[in-house]
Amino acid sequence: MMLIPCPWCGSRNQIEFTYGGDAGVRRPAPDAPESAWIDYVYVRDNPCGPLDELWYHGAGCRSWFTVRRDTRTHAILASAPAGGSLTDDPSADVR
Amino acid sequence: MTQTWRLAEGGSAIDRTHPLGFVYDGRRYEGYAGDTLASALLANGVHLVARSFKYHRPRGIVTAGVEEPSALVQLGVGARSEPNTRATTLELHDGLVAASQNCWPSVRFDAGALANALSPLLPAGFYYKTFKWPPTPKAWLRYEHYIRSAAGMGRAALAPDPDRYEHQYAHCDVLVIGGGVAGLAAARRAAQTGARVIVCQQSPRFGGAAIEGDATIEARPAPQWIAETIATLASHPDVRLLPRTTAYGYYDDDLVGAVERVTEDGATTDGMLPRQRMWMVRAKAVVLASGAIERAIAYGNNDLPGTLLARAVFTYVRRYGVRLGTRAVVFTNNDSAYEAALALHESGLEVKAIVDARRDGEVTCAGAALARSAGLRIRAASVIACAHGRQRVARVDVVTRNGGDVSTLDCDLVAVSGGYSPAVHLFSQARGTLHYDPTSASFLPDASPMAIVAAGAVNGHGNVERAIANAVAAADAALARAGIANRSSSSAVPGDDDRLRVDSLWAVPPVRGAKCFVDLQNDVTVADVAVANREGYQAVEHLKRYTTLGMGTDQGKTSNVIGLALMSERLGVSLAQVGTTTFRPPYTPVTLGALPGAASGAHVEPTRYSAMHAWHAEQGTRFVNAGLWKRPHSYPRPGESEDDAAAREARNVRANVGVVDVSTLGKIELQGRDVAEFLNRLYINRFDNLTVGRCRYGVMLREDGIVRDDGTTSRLDDTHYLMTTTTANAVAIMQTIERLLQIDWPELAVYATSVTEQWAAAALSGPKSREVLAQLVDIDVTNDAFPFLAVTICNLRTSTGSLPARLFRMSYSGELAYEIHVPSSRGRAMWEAVLDAGAPFGIMPYGTEAMNTLRVEKGHVVIGAEIDGRTTAGDLGMERLVNPNKWCIGKPLLARPALNAPDRWQLVGLTAMRGAHIPRGAKLVADPDHALPNPMLGHVTSFCDSPHAGASIALALLSSGRARRGETLWAVSPLADAKIEVTIGPSVFVDPEGTRLRG
């Protein structure tokens with residue numbers, strides 16, 4: 001079971017969280033063409049390596065936040081509050 | 001007379017003052033406290049204990065530990081019966097009952113042994129080659145039935161497991177896996193720094209292989225050193241010693257799963273202790289001191305009972321005081337078997353020969369010198385070519401390695417050593433890499449990216465003192481990794497190389513007519529490996545799956561490396577290039593009950609109760625599950641059936657007034673400047689123009705345009721709304737709202753709070769509901785003052801005083817109706833006040849069944865039935881709700897052609913003709929007698945016997961449904977063997993104009 005570094009609560013067991021998918025996906029503008037909406041709803045990258053993704057700490061602070069995870073090793077490279085910068089080392093502040 | 005094969009003295013584990021009785025295959029035997037089932041059977045001369053998986057060949061006890069491939073027994077009876085239990089680790093207790101498995105009628109006379117006679121017809125891949133014709137799925141299904149019933153070993157219990165299991169989370173700085181001398185030394189080192197240490201040892205006693213050895217550790221005899229070290233560890237408050245605990249899996253972020261067998265010895269401690277305890281240990285660093293497992297050498301009939309691994313022979317003699325036979329032959333390719341030979345000699349057996357595969361000049365160890373001085377005969381550069389015997393080995397043919405000089409030795413015991421395989425399983429699970437070491441003919445740990453450090457014999461150390469030095473270095477590395485102390489030293493131990501030197505003899509050249517087994521549990525032979533090679537299954541993972549090598553419950557602990565080596569020889573490449581198959585958890589089998597722990601039965605999920613639950617229960621109602629909630633089905637009167645009760649309750653709502661508990665609906669408070677804008681984006685219809693004091697039905701879509709949820713949202717104040725969701729989606733919608741507000745639209749000033757649990761709610765419904773309400777509240781509830789879809793705050797008159805409440809005029813039943821919300825703590829007071837006020841008007845409580853009848857009559861859709869993850873608002877007849885002048889989630893993709901096709905399945909109502917009953921889940925067809933598959937035009941989503949319509953009615957989704965109104969179709973259900981003619985009509989059966997609810 002992975003330890004997920006919640007930016008507010010610290011590292012917690014994965015069972016406290018819900019996975020939210022690719023953090024890089026942005027909802028298109030309301031008047032965007034249908035193809036943009038198709039991409040938004042159905043098309044996802046499946047990278048072999050670091051992926052920025054959303055997690056929700058439903059059994060804790062109920063915050064959504066961003067985690068950079070290596071999909072090959074499950075190593076978590078960074079974590080940040082929604083809208084924050086992912087450049088920080090997650091172990092620096094939350095453990 | 002029992003235990004005739006027990007030595008007169010000796011046996012470090014057994015307590016001869018505590019005899020224990022047990023039953024094996026219906027016969028009573030006696031053993032001693034401290035025995036395993038295997039050692040007790042051997043002390044009674046029982047060697048034949050099993051029949052093999054495929055050929056039903058007689059099998060005996062091979063090892064003395066978790067790696068046992070053959071001696072698997074059915075333990076216990078009835079609900080506690082457990083298959084495939086290793087006799088070699090099963091601690092004997094008084095009254096233990098076990099039986100051999102995979103044999104009929106008995107292990108001595110097994111009809112399945114016919115398979116052995118047919119074995120030339122059953123090569124590797126037999127099933128794949130044989131059962132592929134004719135190439136149709138049906139043919140395979142027919143074969144599969146027979147193959148499945150022939151496969152398997154023990155039988156699972158059919159009754160629920162009566163035992164209790166529990167989970168325990170633990171955290172530590174250093175987790176030491178393995179309580180042999182290396183593990184104890186590492187733990188002692190770590191404990192000296194004050195670190196929190198957990199040591200788990202799979203067997204009952206710490207000390208491992210050294211307990212019976214003659215080694216000297218730190219100038220003390222090994223047993224004394226072990227006892228002193230355990231005492232030292234036990235004196236540290238932050239050290240936890242866990243015997244009988246197997247670390248079975250290594251998971252992400254250094255989480256180790258371990259199972260502790262708490263009361264498996266049968267000591268029933270008044271039921272307060274669980275049978276097993278699952279430990280989930282989150283360690284900052286792990287020292288893996290898991291030791292090494294001996295393996296065999298393949299030769300003809302190497303599976304005969306009486307054939308044991310040399311280390312197991314030593315263990316049974318020294319630890320359990322068992323006399324294993326009368327005449328023994330020892331067969332080895334390394335030095336380690338000599339201590340077994342000497343132990344046998346000391347225990348009074350005649351050791352006929354030590355057959356050593358190495359050349360005479362290579363047999364130079366101290367053990368060999370002792371053996372020679374004891375008069376034992378060493379036959380160097382020789383091998384056992386073949387063993388003979390029926391249900392026990394009787395003699396062996398010994399040849400020189402160049403194939404000459406055949407001689408036959410009579411014996412009833414063969415002790416074999418083919419070298420050791422370090423137990424690298426958890427290291428490999430921790431993504432550690434391995435390298436092949438030709439000297440010890442074994443795979444040794446390299447490095448892992450995780451916080452695991454290998455120590456002792458798992459690193460190939462064969463000398464106790466040097467294994468301890470290695471373990472101390474490993475402990476230092478682990479402490480550094482855990483951030484406890486920074487005195488990391490090199491794990492390389494100075495001094496001479498102490499690796500066990502093993503001649504790479506894996507299998508003896510085959511003898512005609514005698515099978516050479518690689519994997520005893522799955523009956524994989526040397527010839528099977530050759531077949532796999534010949535047919536192209538050469539990669540290790542292919543070899544494994546084609547031959548089933550290492551796929552038994554023992555996971556090939558004594559056999560995998562032999563199979564890999566044989567493949568490498570045939571391919572002409574090094575074993576290093578062949579590599580190993582992937583090691584996966586669990587290391588040893590885990591009882592299923594330990595995995596959920598206490599989370600079984602009613603404790604799988606939490607149960608949610610409404611504030612009025614106790615009142616419902618007092619009526620004797622039956623509760624139905626609605627997600628995690630318990631809801632009352634109906635309130636039958638004495639002598640009344642549930643169906644009759646629900647029909648009476650539904651009729652009473654239409655005629656008088658009823659009240660139903662609707663506390664389970666999801667309730668979310670939304671406050672802030674931008675709530676109106678937020679709701680506009682969330683719902684297909686507008687909420688910004690909702691006036692304060694009014695509520696409105698809303699529909700929410702998924703991002704792809706399909707309907708997700710519905711509910712009523714009220715505007716309590718300019719910037720304060722109360723949203724209700726369906727019971728089923730309450731949690732998910734809240735999660736979505738959090739995500740939208742935190743990630744997508746952080747600029748919106750909206751604050752969302754789930755208040756589902758905080759409010760108890762009742763719906764008061766029926767033509768007399770206004771009269772009841774007028775008795776109850778302190779406001780004017782006339783139609784003008786409180787019209788349809790009005791919302792207000794009021795006070796309820798209850799027996800205990802005035803109670804503030806939220807009052808809503810909304811209707812699910814189609815009748816004049818209200819919802820009353822009060823704080824949960826006052827739910828029951830509110831409920832009883834409503835019933836008291838309603839008594840003069842004939843009020844009755846109604847349950848979910850009547851509620852469903854009423855909503856089907858009114859044509860209201862629900863999640864899971866009509867809102868089934870495929871329907872659009874248009875399919876449900878709600879296309880007019882989609883506001884054309886604003887954007888909302890899901891709207892951009894609503895215009896896709898397929899979502900607007902003319903043959904979409906649309907919501908319709910069905911009425912059964914001629915008094916028939918529409919069956920649950922029926923499909924709609926034009927011709928009920930059409931040849932199968934009968935083209936499906938739609939299906940029934942909800943149904944009821946409608947008191948209002950006086951007929952069986954249903955809601956259905958039907959292709960081009962609205963255009964088919966007035967047509968007749970058939971509702972067919974092969975499961976219910978029903979064909980019912982139905983007429984298609986509108987989905988609303990009662991008051992389509994809505995005059996009742998607005999009146």
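Two residues are in contact if their C-beta atoms, placed from the backbone, lie within 7 Å. The views below show a predicted model, where local features need pLDDT of at least 70, side-chain atom pairs count only at pLDDT 80 or more, and totals for chains, interfaces and linings use all residues. Residues are numbered from 1 along each chain as its sequence is written, while chains are lettered from A and ligands numbered from 1 in the order in which they are written.

**View 1. Val174(B) and its contacts in the largest nonpolar core.** The core has 189 residues, and Val174(B) and Ala186(B) touch the most other members. A nonpolar core here is a set of buried Ala, Val, Leu, Ile, Met, Phe, Trp, Tyr and Cys residues joined through C-beta atoms within 7 Å. Buried means that 20 or more other C-beta atoms lie within 10 Å of a residue's own. Helix H11 (residues 464–481) of chain B gives the largest share of this core, 12 residues. Helices (H or I, at least four residues) and strands (E, at least two) are DSSP runs, numbered from the N terminus.

**View 2. Another core in chain B.**

**View 3. Domain 1 of chain B against domain 3 of chain B.** An automatic or database domain assignment supplies the bounds. Domain 1 covers 15–122, and domain 3 covers 296–420 + 502–578. Their C-alpha centres lie 22 Å apart. Here 25 residues of domain 1 are in contact with 24 residues of domain 3. On the domain 1 side, helix H1 (37–43) and strand E4 (58–59) of chain B each give two or more residues. H1(B) gives the largest share, 3 residues.

**View 4. An open sheet of 5 strands in chain B.** The order is E2-E1-E7-E5-E6, with mixed pairing. Two strands pair if DSSP finds at least two bridges between them. Strand E2 (27–33) and strand E6 (82–86) are the edges, each pairing on one side only. E1(B), residues 15–24, runs antiparallel to E2(B), joined by 7 bridges. Val23(B) has Arg28(B) as its bridge partner in E2(B).

**View 5. Chain A meets chain B.** In this view, 20 residues of chain A are in contact with 17 residues of chain B. Strand E3 (18–22), helix H1 (34–42) and strand E4 (50–56) of chain A each give two or more residues to the chain A side. The largest share, 3 residues, comes from H1(A).

Methods. Buried ≥ 20, exposed ≤ 12 C-beta atoms within 10 Å, placed from the backbone.
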